[in-house]
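Please open the model in a viewer and keep the selection panel at hand.

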Amino acid sequence: MGSQRECTRILGLASFRVETVEWEADGSRARIRVWIERRGTRGYECSGCRRRTWRVRDHAERTWDDLPWAEHRVTLVYRQRRVYCRMCGIRTERVAFADPKARITKRLRQVIGLDCQSMPTSHAAVRHGVSWSKARRAEQAFLAEWDCTRPKRRPRHLGADEIHRGKTQKFYTVLSDLVHGEVIGLAKDRTEASLTGLLNTCLDPRQRAAVKAVCTDMHQPYLNAVSGAEEGRHRLRQIPCPAARLRRARRGPPAGVLSGGRRDACLWAR
Ligand SMILES: [Zn+2]
């Protein structure tokens with residue numbers, strides 16, 4: 001294989017250089033083990049508080065799966081230090097290319113996570129040569145990172161409804177942003193507490209204050225939850241649904257209730 005310098009350039013990990021490259025077996029699709037070491041070290045970063053220190057306690061070889069080099073699967077091998085940190089005590093050294101405790105690099109996690117959005121997890125696992133559980137963890141980490149980095153919207157129009165997931169799991173309550181078609185939160189059961197919990201935990205006070213209308217079905221616990229979710233001047237009031245108003249004009253059922261076999265819509269607004 002090429003020189004260490006060339007391999008380091010191909011690997012492209014900032015502040016790491018390639019020491020040696022080993023083939024695990026013969027063949028056109030053999031796995032490569034790439035031994036890496038830090039370069040330009042200014043101490044080792046504590047994984048707890050990110051302070052740098054030179055006080056190394058010991059080290060252990062650890063491996064991470066990385067993006068493939070052409071047809072070849074790649075495993076990175078690095079002697080990860082454990083350091084004495086003044087603030088945290090004994091901690092492992094932080095490595096920037098992987099999450100703590102993860103067995104794959106961040107960039108491989110990103111590719112697996114993206115694939116999982118368009119194919120089953122088992123297919124993504126086979127495609128990237130990792131186990132199903134590893135692919136699943138990668139997808140969860142990918143989604144968690146996406147969720148905490150995306151901008152927080154202030155949805156104006158919410159929808160609350162239940163979904164049925166079979167005899168054992170029973171009902172779930174879903175709170176969603178109706179305009180963007182996005183699920184905001186999911187809670188077990190279809191009780192007043194489920195929806196109240198979603199309204200209070202999935203939305204912060206600024207987001208709650210921005211809500212203009214909530215659409216629910218005529219399930220009484222939901223009606224209670226929406227009417228009781230906000231206090232004072234922010235309280236939402238039940239208003240007649242436009243369709244209900246039409247019906248009332250024709251036949252005269254009570255406001256807010258759709259009669260004639262379709263009692264399934266209720267609108268709450270400021
Ligand atoms: Zn520390």
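**Whole chain.** Begin with the entire predicted model. The chain contains 9 helices and 13 strands. Of its 270 residues, 23% are buried. Among contacts between residues at least 6 apart in sequence, 47% link residues at least 24 apart.

**Largest nonpolar core.** Next, select Ile36, Leu76, Ile112 and Ala135; within the largest nonpolar core, which has 21 residues, these touch the most other members. To see where the core draws its residues, display β1 (16-23), β2 (32-38) and β6 (72-85), together with α2 (106-116), α3 (121-128) and α4 (132-149); each of these elements supplies at least two core residues. Now colour domain 1 (1-97) and domain 2 (99-150) separately: both contribute residues to this core, so the core lies between them.

**Ile36.** Centre the view on Ile36. Setting aside neighbours within four places in sequence, Ile36 is in contact with Leu13, Phe16, Arg17, Val18, Glu19, Leu76 and Tyr78.

**Second core.** Then select Leu198, Tyr222, Ala225 and Val226, which are among the 13 residues of a second, separate core.

**Confidence.** Finally, colour by pLDDT. The chain average is 83, and 84% of the residues score at least 70.

Terms used:
Residues numbered from 1 in each chain as written. Predicted model: local features only at pLDDT ≥ 70, side-chain atom pairs only at ≥ 80, totals over all residues. Core = buried A, V, L, I, M, F, W, Y, C linked by C-beta atoms within 7 Å. Buried ≥ 20, exposed ≤ 12 C-beta atoms within 10 Å, placed from the backbone. Helix = DSSP H or I, 4+ residues; strand = E, 2+ residues; numbered from the N terminus. Domains from an automatic or database assignment. Contact = placed C-beta atoms within 7 Å. pLDDT = per-residue confidence, 0-100.
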